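Here are a few exercises to work through with the model open in your viewer. Try each task before you read its solution.

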Amino acid sequence: MKTVPRRSSQVEPGREADLVLAAQGGDQAAFAEIVRHFQRPIYRVAYALTRNASDADDLAQETFVRAYQAIGRFRAGEPLYPWLSRIAVNLTYSLFRRRKRRPETSIEPLVEAGRQWAADDDPAERAAESEQHEQLAAAFAELSHEHQAVLTLRVVEDLSYDDIARTLGVPAGTVMSRLSRARVELRARFKARSGEGP
Amino acid sequence: MSHLTDEQQSALVDGALEGGARAAAERHLATCAECRETLAGLVAQDRALASTLEHEPGEAYFESFAGRVGGRIRAAGLAGAQAREPEGRSLADWFRSPRKLALVGAVATVVAGAGIVMLATREVRVPALHEPQIESRVAQEAPPAPLPPGIQPESQSVTRSAPLLAAEPMAPLPAAGLAKGTALPQADSRAKTDLVSGEPTAAPARDQRVPSNRAYEVRRNEAGEDVPVAPPDGSVYRPRQTAPAPRPAVPGEPVYVQKPRYAEPLAAGKPADALRAGARPLPADAGASAQSADKEPPVEESKSVAAPGAEQAVTARKELAASGRRLGLMDRGDRADRGPVLQVRGTPEAFDGLPAQSRALAKNAQRLTTIAETIGVAPAWDSAGAAWERVIEGVQGGPLESETRFQFARARFMAWQRAASEKRGAQAGQALRAFLAHAPQGAERDSAQAWLARLEK
């Protein structure tokens, strides 16, 4: 199943395999380079799922610690990012199970919006947009973890269906149907909250 | 016109539709404003969601991120833990993975559980005499072996058996001798003493039972077969001490004979003499249970069952006697001073005149008949019938042939009556006709004719 990725890969495939082999051989610098290459997307995934900067920071760091422990069992040549994002998603699920709650809405979007308000000329339009984002974030938080994860990997990280399938450990067809249901569910919950579509 | 499905719309947003599916979807979108609106809504939703979920913590945050990860790795003592593992997984790897550890635990639990179940189900089954199969085997006790040389047949009266019900009047024992708990211990057939000198004597060969590790005792019969013997307590095997080998008789020395286990009928008013002579008071519960015939050794031909204080035993024997009278086998004689007494028609001592082998066969047949009457199952009657059939050969042409054939026919008929089958019916019919062919007029003939009529009905 072919998808058009919206974001380019972080590392060239050949370079990625070299880094993995070097890290497996004990090269600390190689592993540090892997961290630098994938820290942003991993943080994005962690933040999208938690919407909390502190949790995202902790989850992102822990993702690389776990990767460091397990990279000796990773097969060089395989795409590294689905493996890393899988670690991040599983750690997020573990965090949710420990807390027994849905992730809280963070104040970071509001802070970010405040910065943008200061820069833009139309505060009323920005306020309406901020309200829309808030409702959408709340609707997204009501989705199941599986729907949140598949939407995050597709919409935020722009992963292909195959990479999403590799990350979540499900068939590509399941990714397609799960994405469709997640989008329909999100639309319905957002409409229920705001009375209109995004 | 059918609209695009949600999955088609979602795939269109992701650019996942290819070829004909994509062309068909685009053709539909060109003509369907509703689907175009839906698709536009999904695209806007994705864009808004990406904007909502994205967060940029700043470049400074990411500049120090790798260093913080390294610090966490060092703090956890994991430096160097990333080294590539060898191809072959070690056994310890199983115990590092929670999933594999759970699998190991589950397998261990199943194995332990199976072991416990196996151990718990390995109980030794103790045979119970009331089970039909065991009863039938008990009824197949081997006939007594020929007596050893030097032992006079007359001295072996103790080994002769008679049906428990075949008792003659006996003087009632004094109350002192019948009190519960004062019963003399059961005479062991191996504890033989001379009647005169009291010296021990050899036991006859038939009592040389072979101890074994089986759950029940067996005795080897003449054919070399191991035949189960009813345990003395009716439940578990108890190895018996083997009697000493028979000592050959030496001319000039006294011949030791076996001490009778039961005394001859007691003379009233002489309890001490009666006890010295070996009379055994009847326990209160003796003879009442179905196993009593197996528990108690064979009784003398003349044996009273009258026993004050043993109403239960007497009641049981009354019932059996009534059963016997219905079959025309027994008479009842009541004597006011002796209580109910049962007597068999055709006294068993009639077989005493036979050669030792034939006499032993007859006694065995009588004993098996007693067992069959007590437990009342068809296999026991089969065994009794087979035993009587073996007696016939030794009494053919003699005065006891008619009596033997009657007992044989009766056993066959009773077996058929208890559990009718074609084989038992044929055997009973053959035995009854053989008896009627030579039977004199009398009650036995009438009974046999009635049984044959029922059989042929």
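**Exercise 1. Find which residues of α16(B) meet which residues of α17(B), and describe how the helices cross.**

Step 1: on the α16(B) side, pick out Gly425(B), Ala428(B), Gly429(B), Leu432(B), Arg433(B), Phe435(B) and Leu436(B). They meet Arg445(B), Ala448(B), Gln449(B), Trp451(B), Leu452(B) and Leu455(B) in α17(B). Contact here needs C-beta atoms, placed from the backbone, within 7 Å. The helices themselves are DSSP runs of H or I with at least four residues, strands are E runs of at least two, and both are numbered from the N terminus.

Step 2: sort those residues into eight nonpolar, three polar and two charged. Ala, Val, Leu, Ile, Met, Phe, Trp, Tyr, Cys and Pro count as nonpolar, Asp, Glu, Lys and Arg as charged, and the others, Gly among them, as polar.

Step 3: now the geometry. The axes of α16 (residues 422–438) and α17 (residues 443–456) of chain B come within 10 Å and cross at roughly 150°. Axes are lines fitted to C-alpha atoms, for helices over the stretch in contact, with angles from 0 to 180 degrees between N-to-C directions.

A word on the ground rules: this is a predicted model, where local features need pLDDT of at least 70 and side-chain atom pairs count only at pLDDT 80 or more, while totals for chains, interfaces and linings use all residues. Residues are numbered from 1 along each chain as its sequence is written, and chains are lettered from A and ligands numbered from 1 in the order in which they are written.

**Exercise 2. Check the span of α13(B) and work out how enclosed the helix is.**

Step 1: α13(B) covers residues 356–375, and its 20 residues should span 28 Å at 1.5 Å a residue. The expected span is 1.5 Å times one less than the number of residues.

Step 2: compare that with the end C-alpha atoms, which are 28 Å apart, so the two agree.

Step 3: count burial. A residue is buried if 20 or more other C-beta atoms lie within 10 Å of its own, exposed if 12 or fewer, and partly exposed in between, with C-beta atoms placed from the backbone. In α13(B), 18 of the 20 residues are buried, so the helix is largely enclosed by the rest of the structure.

Step 4: look just past the end of α13(B), where Gly376(B) takes a positive phi of about 65°.

**Exercise 3. Where do Arg51(A) and Asp158(A) lie, and is each buried or partly exposed?**

Step 1: start with the background. Most residues other than glycine have a negative phi.

Step 2: Arg51(A) has a positive phi near 50° and is found in the loop between α2 and α3 (53–70) of chain A. Arg51(A) is buried, because 23 other C-beta atoms lie within 10 Å.

Step 3: Asp158(A), not a glycine either, has a positive phi of about 60°. Asp158(A) sits in the loop between α7 (145–156) and α8 (161–168) of chain A. With 17 other C-beta atoms within 10 Å, Asp158(A) is partly exposed.

**Exercise 4. Describe the side of chain B that touches chain A.**

Step 1: count the residues in the contact, 38 from chain B and 50 from chain A.

Step 2: on chain B, the elements giving two or more residues are α1 (6–14), α3 (33–53) and α5 (65–75). The largest share, eleven residues, comes from α3(B).

Step 3: by type, this side of chain B has 18 nonpolar, ten polar and ten charged residues.

How values were computed: Two residues are in contact if their C-beta atoms, placed from the backbone, lie within 7 Å.
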